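Let's take a walk through this structure together, one region at a time.

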Amino acid sequence: MQMTTAVGKSLSSVANVAWRGVRALDRVLPDKSFQPKWAPAPLMKSTERTFPTLGFPRETDSLCPGCVKEVRESIIAGKESWRVLIDGNPGEIKARIIERDNQVLMVKDCDKHGRYEDLMAVDANFLRRMEQLYPGRDFRIVPDDIHDHGTSTIKYGRGAVLTVDLTNRCNMMCDPCFMDANQVGYVHELTWPDIKQILDNAISVKPKRQMSVQFSGGEPTISPYFLQAVAYAREVGYDSVQSATNGIRFAQDLEFAKQAKTAGLRLAYLQFDGIGNEVNEHRGVGNLFDVKQRAIDNLSAAGVDVTLVTTIVNGVNNHQVGPIVRFMIANLSKINAVAFQPVSFTGRDEDVDTETRQRQRYTLSHLARDLGEQLDGKLEPMRDFFPLSASGPFSDLKDLLAGPNTDWGSMKCGCHPNCGIGTMLLINENTKEWVPIPSLINVDRLLEDVKAINDAARGKKATAAQLGLALMRNFRWENAPKSLKFSSFFKALDGHLGRRMGVADKARYEWRIIMVAGMWFQDLFNYDFRRTEMCIIPYGTQVGEVSFCAYNTGVGWRQIVENMHQTANTVEWFKTEGRHPIYAGGKSVPLPVLREKGAAVTVNRLPALLG
Ligand code: SF4
C-alpha cells in the first residue's frame, strides 16, 4: 500500500474516534426515515427485521421424496387437480436439522417411505457462522395474483434474479440437468404474449425491485423470441438482462453475440464445468471447453460480460474450483464473476440411489474448504465467506442513497443463509495481483457499521462520509498490497456499488471487485420451506412467480406447469418445425475457423496459469 502501515493505522484510530462521535450524535438527533416510491413501507431499520428459526438442532417443514413423486404423477395423469398444490400440503413432512460429529444433517421420517438423511454441511461451525451473519429479512411482499402457490409462495424480499425459461428445447443433453431438457416427450416454449406478460407482471410487484432478468431454458438462444425478449426486458426498466447459456450459439456466431448486445444483453451466465475438454466430457460434447473459450471470446468482442457458472459434483469436478477462479483472474477483462452451484439431485437425477447421492453430495461448506485448499490457502473459509444475504446492508445503503423519489429498489440478495455464500476478491486487472477483501477489511464489523449508518438514515453526503469512516476504521493496513492506494479501493467499491456515493467517476478501475459465489439449489432430500419462502430467484412462469427451488425440485411445479401449457408433443413439433441440432454422445460442435487477422482475441490459455 502506498502509505506506511503505521500512518494507515493512525488514520484508522482517528476514524475510530470520529466514528464514535457520529454514533453519539445519532443518539440525540432524530433519524430521517422515508418511504421510497417503490417500497410498501418506510425503509426498514435493523431492529425491525424478522428472522427464520436458525441454529441446530431445529425443526422445519420439508418434503418426502417418495410422496412428492406420487402426487406429481397423479396430477400429470389427470387423477388429481393441480390446485392441490395451492390448497393442500401434498408430500409435506417435518424435518430436523441436527449436528452430528461436527457435520450438519437433515433427517426426516415419512410414515410410508421411511427415513431420509442427507448432509447439509461438512463443518458445523462454518454453517453456524453463515447463519449468525444473516442480517434479517427484507419487506414482506404485498399479496398479489402472481404469488399464490400455497406453501410454496414466496413471501419475503424482492428477488434478485427473475428467471424466465423461454423453451425446454436444448442443443445438448447434459447430466446433470435441472429440467430434463429434450427428454420429456413434449415441447414447452413461451409465446411472445407469454413472455411480455411475465415481464409486465414482474414490474407490478411491490416492492418494485431492480433484478437481473435471466432468460434460461433449455437453451434460451434457441427460442425465436430471444433477442426480442432481451430488448423488452430492458425497455420495461431492468438494468441487467442476462442469458443462462451453454455458449454454443455464441461460440458459433459472433454476429449473434453482437445482436444480443445491441438488444441489451449485459451478461452471459455461461455453463462452465472446468478447464480442458476432458473435465467437460461428462456433458457428452467432445470439444466443449473449446466451445466455451470461443463463446467467451465472441461475447467479449461483442461487449457482453461473462459469469462462469459451474455445477459441482463431489468426486467429478470439485478439484476444478480453484483452477476456475484462476481462469477467471487470468481473463478478468472478459469475466466478471464465478458462480458455483453444488449439485442438486433433481430433473434427470431425482431417482439417484442413496450411495451415489451420498458420494456426490457437495455442500457450500465443501466449496469454501476446497477453494481454501486449491488457492494455496489465500482464501480462509471462516474469515472470507459470508452468506449472500450479508450483502443486504449494502443494498439498503444504496436504497438510502437513492432517496425517496426512486422508482426501483436496489437489487438485494436476501436469501436464507443456507442458500448461498460468497466472497469478494480485489484483483488488479493488469498485474493479476489479488486479495480476498475480508483480508483487507474487518467485514464482520463493517457490516454492523453499515447497519448503523442505514439506521441513522442521514443525507447523501453524511452517509458517504460515514461510510468512509467505517471503511477507514476497519481497514487492515498490514494486509494491503503495496500498489494499492486507499482512495483506489474506495473508488473501486463505489464503482462496484453503482457509483451512488459520487466518489467514482466510472464503474471499473484497474483494481476490480469480483464476486466468487456459491448457490446451493435444493432437492427433495434437503428441501426446506423456510428457504423457498424467502427465495431470491423467482421463476417467471405462466402461473406466476414461483421460487426456483419449488419450481425445479419441490413438489414439481415445473413438470406440472409445462405439462399443462405444453406447446406440442415432440412428434408433432418435429413434423411442423423440424429438428434442431443436438450435440451429444461425444460429438464435437463445429466452430468457424478463425482467420489469423481480425480474429477474436483468444482467452488466456491454461494450463500455464493453473499453478
Ligand atoms: S430457495 Fe433455492 S433458488 Fe431460492 S434462494 Fe434459496 S437456494 Fe436459491
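This is a predicted model: local features need pLDDT of at least 70, side-chain atom pairs count only at pLDDT 80 or more; totals for chains, interfaces and linings use all residues.

Which residues of H2 meet H21? On the H2 side they are Arg 72, Ile 75 and Ile 76, and on the H21 side Gln 559, Ile 560 and Asn 563. Sorted by class, this contact has 3 nonpolar, 2 polar and 1 charged residues.

Now for the core. In soluble globular proteins, nonpolar side chains tend to be buried together. Here, the largest nonpolar core has 154 residues. The residues with the most contacts inside this core are Leu 299, Leu 308, Ile 324, Val 325 and Leu 426. Helix H9, residues 288–302, gives the core its largest share, 7 residues. Pick out Val 325 and see what surrounds it: setting aside neighbours within four places in sequence, Val 325 is in contact with Val 338, Leu 371, Leu 375 and Val 516.

Stay with H9 for a moment, as Phe 289 lies in this helix. Is Phe 289 buried or exposed? It has 20 other C-beta atoms within 10 Å, so Phe 289 is buried. Leaving out residues within four places in sequence, Phe 289 is in contact with Ile 275, Gly 276, Asn 277 and Asn 280. As for Val 279, it is 10 residues from Phe 289 along the chain, and their C-alpha atoms are separated by 8.4 Å.

Step back to the loop between strand S9 (267–271) and H9, and you'll find Gly 284. It has 17 C-beta neighbours inside 10 Å, so Gly 284 counts as partly exposed. Not counting residues up to four places away in sequence, Gly 284 touches Met 172, Met 173, Ala 584, Gly 585 and Gly 586. Pro 417 makes for another landmark: Gly 284 and Pro 417 are 133 residues apart in sequence, and 34 Å apart in space from C-alpha to C-alpha.

Next comes the ligand. How many residues are around the ligand? There are 15, and Cys 415, Cys 419, Cys 535, Phe 548 and Cys 549 come nearest. Helix H19 (529–532) and helix H20 (548–552) each supply at least two residues of this shell. By class, the shell has 10 nonpolar, 4 polar and 1 charged residues.

In helix H18, residues 486–496, the buried residues are Phe 489, Ala 492, Leu 493, Asp 494 and Gly 495. Those buried residues pack against strand S13 (420–428) and strand S15 (511–519). Just after H18, Gly 498 takes a positive phi of about 90 degrees. Then there's helix H22, residues 570–577: of its 8 residues the number buried is 0, so H22 lies largely in the open. H22 is followed by Gly 578, whose phi is positive, near 80 degrees.

To finish, some details of the backbone. Where is Pro 57? It sits in the loop between helix H1 (5–28) and strand S1 (58–63), and the peptide bond from Phe 56 to Pro 57 is cis, with omega near 5 degrees. The peptide bond from Gly 217 to Gly 218 is cis as well, with omega near 25 degrees; Gly 218 is in the loop between strand S7 (212–216) and helix H6 (226–235).

Asp 376, in the loop between helix H12 (364–374) and helix H13 (381–384), is a residue other than glycine with a positive phi, near 55 degrees. With 9 C-beta neighbours inside 10 Å, Asp 376 counts as exposed. Ala 457 also has a positive phi, near 50 degrees, and is found in the loop between helix H16 (443–456) and helix H17 (460–474). Its 19 C-beta neighbours inside 10 Å make Ala 457 count as partly exposed.

Terms used: Residues are numbered from 1 along each chain as its sequence is written. A nonpolar core is a set of buried Ala, Val, Leu, Ile, Met, Phe, Trp, Tyr and Cys residues joined through C-beta atoms within 7 Å. A residue is buried if 20 or more other C-beta atoms lie within 10 Å of its own, exposed if 12 or fewer, and partly exposed in between; C-beta atoms are placed from the backbone. Helices (H or I, at least four residues) and strands (E, at least two) are DSSP runs, numbered from the N terminus. Two residues are in contact if their C-beta atoms, placed from the backbone, lie within 7 Å. A residue is near a molecule or strand if its C-beta atom, placed from the backbone, lies within 6 Å of it. Ala, Val, Leu, Ile, Met, Phe, Trp, Tyr, Cys and Pro count as nonpolar, Asp, Glu, Lys and Arg as charged, and the others, Gly among them, as polar.
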